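I am opening a notebook page on this structure.

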Amino acid sequence: MKAEHAERAASAQFDAHATNYDALHQASVSASGEPTRYFAEYKLGCLERLGVGPGEPLLDFGCGIGNLLEVLEGRFTEIHGYDPSQRSLEVAAKRAPSVKLHHDLANVPNDYFQVAVLSGVLHHIPPAERLEVMQSVVKKLRPGGRVIVFEHNPWNPLTRRAVAACEFDDDAILLWPWSLKSLLAEAGLARPALEYIVFFPRVLAKLRWLEPRLSWLMLGAQQLAYASKA
């Protein structure tokens, strides 16, 4: 299956970067003036703004070394993380010890989660394999559950430069906003929506209160897409 091929490739790549991922990521976002944790906390804020409740079972699909899991832990009653990279999961287990981690997607329960988050995952998956991967995510959701996707915004020139300079993004193929929304719809999800997020670097932090009002402006460094399972 195409999805299995993508998982094996991702496993090999991120096994190799499990111990230096944070350093590489920090270097790639240095222009923002913020540490890696800032972006994980920003995503937590987006989940809360979208009404994700603390009692809802949540799956971090492609959780890597646990940057997002670390800030989610303690905020949600039940969190699961899945990643094909065993070495990444070993790091994640130390950072978020109460999270249930899965190396085998078959062991992640079907029809169970209210929310599945994919944070910076899809651009590592070849375009021809993305639909199958997304369909496998949808299977894990209960009816009415939501997929929430964070991806780089190719409209932003600083984002493109950061991706090009990042060692673990050497396979990255960024998703244009229309292709991201189409992917959610093709996977059988309803009411796909998209926003632009992450506009101001630290030197302009006083302006960040404006960001929720700029979700229509395609110059945000990241894009946030979401849709629901019927």
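**Notebook entries**

I searched the whole structure for disulfides, taken as pairs of cysteine sulfur atoms within 2.5 Å, and the search finds 0. I note that this is a predicted model, in which local features need pLDDT of at least 70 and side-chain atom pairs count only at pLDDT 80 or more, while totals for chains, interfaces and linings use all residues. Residues are numbered from 1 along each chain as its sequence is written, and side-chain values use heavy atoms, with hydrogens and water left out.

Next I turned to strand S5 (residues 141-152); helices (H or I, at least four residues) and strands (E, at least two) are DSSP runs numbered from the N terminus. Of the 12 residues of S5, 9 are buried, so the strand is largely enclosed by the rest of the structure. For its neighbours I used the rule that two strands pair if DSSP finds at least two bridges between them. Strand S4 (residues 113-119) runs parallel to S5 and is joined to it by 6 bridges, with Ala116 having Val147 in S5 as its bridge partner. Strand S7 (residues 222-229) runs antiparallel to S5, with 7 bridges, and here Ile148 stands opposite Tyr226 in S7. I also recorded that S4, helix H6 (residues 127-139) and S5 make a right-handed β-α-β unit, right-handed meaning that, with the strands pointing away from the viewer, the path from the first strand over the helix to the second runs clockwise.

For aromatic pairs I took rings of Phe, Tyr and Trp (its six-membered ring) with centres within 6.5 Å, planes under 30 degrees apart being stacked, over 60 edge-to-face and the rest tilted. The count by this rule comes to 8 aromatic pairs. The ring centres of Tyr112 and Phe113 are 5.1 Å apart with planes at 90°, so this pair is edge-to-face. Tyr112 is partly exposed at 27% relative accessibility, whereas Phe113 is buried at 0%. I found one aromatic cluster formed by Tyr38, Phe39 and Tyr42.

Last, I checked helix H5 (residues 86-95), whose buried residues are Ser88, Leu89 and Ala92. They cover an arc of only 95° around the axis (from the directions to the C-beta atoms), which puts them on the same side of H5. The face turned away from that buried side carries the exposed residues Arg87 and Lys94.

How values were computed:
Buried means under 20% relative accessible area, exposed over 50%, partly exposed in between (1.4 Å probe, protein chains only).
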